[in-house]
Amino acid sequence: MTLPQRTLGTQSALTVSALGLGCMGMSEFYGETDRASGIETIRRALDLGVTFLDTADMYGPFVNEELVGEAIAGRRDEVQLATKFGNERLPDGTRLGINGSPEYVRSACDASLSRLGVDHIDLYYQHRVDKSVPIEDTVGAMAELVQAGKVRHLGLSEASAATIRRAHAVHPITAVQTEYSLFTRDIEAEVLPTLRELGIGLVPYSPLGRGLLTGAIEKESQLAEQDSRRTSYFPRFQGEALEANLALVAQVRTIAERLGCTAGQLALAWVLAQGADVAPIPGTKRVRYLEENVGALDVAATQEILDELEAAVPASAVVGARYGDMSSIDD
C-alpha cells in the first residue's frame, strides 16, 4: 500500500509518509515490551505505507535502534529513517545528561549507524538542546555528517524559536520534532510561526496525548506498574488532573462517534489537518493500534469539525503540565 506523502523542509526537503510511526514504546517507558511484537508492528507499518520511522539512541537505551534495524533489514529503501542523539545514557539506563558537544555528535552518529545496520540516516535530530554548548557548534558537527554522507537531513527536537533560527543559519533544518496535539498546543505561539517562516517541517510526537486522547485510558490503575505515565513525571495522568482531562476526552469521543471514527482517529485527524508540512508520529507497539491510527487518514476533518474540536477541548482547559520537570525543554 501507499499512503499520502508530505514534504518536510524546503531548503533540504525530505518526503515522508503523511503518518509516521514512533517506535520508542516498543523498548521502554510504556509498560511491558515485546521485541517480536515491535518488529511485527514495524513490518506491518511498511506494508501499510507507513514508512517514516522514528527512534533514538536513548530508547532502551540503545536496543530500540537495534530492533528497528532488524525490522527494516532488506527493506531499507522503503524507509525514511529518523533517529536522535543528545540524551546520553549508559547501557544500564543511567542518565548522564544532555550532550551536544561536536565530539559526541560524531561518536553518537557512528554508534547509531552500527546499531541500525544502515549506511545513512535520513533525518538526524538533536534530541534535546544542550544549553552549555552553542547550537552553532552542535549543528556544525551535524552538518559535517551530511557532508560525509552519513546523514541526509538535520532536525531538532524541543527547540525554542530562537534556537531554531540560530541552527538554521548554520545548516538548513528539515524538521523540528516536538509534542503537539489537541492537549499540547504551546508551539502555536512562537515555534510554529517560526517553522513556517523558515520553511521547516513539523513532526509532532505524542499526537494522541500519550494515549489519553484515544479514550482507552479511563483510570490510572489501567496502566502497568512500570508504565512511566503512572509517575509524577506526567502530571496529566495524576488524580484530579486525570479526571478533568478525561472529561475533555469524552467530548472528543462524542464527536468521533457521530462521525463514525474513534476518538484517537479524530485526534490524529486534527493534527494532520494543521498543515501539509506536518507529519505526526503516533507511537504504538501493537499492530491493531497501528491499523487504527492509519484509519485517521480517512477521517474528513472539515473546518467545521476542527472548530468544534477546538471549542470542545480549549488548550487552556487541559490540566497539568506535559512534563513534571520541564528543565530539559529549550525556552
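Author: Helices (H or I, at least four residues) are DSSP runs, numbered from the N terminus. This is a predicted model, in which local features need pLDDT of at least 70, side-chain atom pairs count only at pLDDT 80 or more, and totals for chains, interfaces and linings use all residues. Residues are numbered from 1 along each chain as its sequence is written, and side-chain values use heavy atoms, with hydrogens and water left out.

Reader: How are two packed helices described?

Author: By the angle between their axes and the distance between the axes. Axes are lines fitted to C-alpha atoms over the stretch in contact, and angles run from 0 to 180 degrees between N-to-C directions. Here helix H1 (residues 35–48) packs on helix H9 (residues 287–294) at about 25°, with the axes 9 Å apart. H1 and H9 are therefore roughly parallel (angles under 35 degrees).

Reader: Which residues make the contact of H1 with H9?

Author: Contact means heavy atoms within 4.5 Å. H1 supplies Glu40, Thr41, Arg44, Ala45 and Leu48, and H9 supplies Val287, Leu290, Glu291 and Val294. By class, there are 5 nonpolar (Ala, Val, Leu, Ile, Met, Phe, Trp, Tyr, Cys and Pro), 1 polar (the others, Gly among them) and 3 charged residues (Asp, Glu, Lys and Arg).

Reader: At what angle do H5 and H6 cross?

Author: Helix H5 (residues 161–170) and helix H6 (residues 191–198) cross at roughly 20°, and their axes come within 9 Å. That makes H5 roughly parallel to H6. On H5 the contact uses Ala161, Ile164, Arg165 and His168; on H6, Val191, Thr194, Leu195, Glu197 and Leu198. These residues divide into 5 nonpolar, 2 polar and 2 charged.

Technical notes: Helix = DSSP H or I, 4+ residues; strand = E, 2+ residues; numbered from the N terminus. Parallel < 35°, antiparallel > 145°, perpendicular 65-115°, else oblique.
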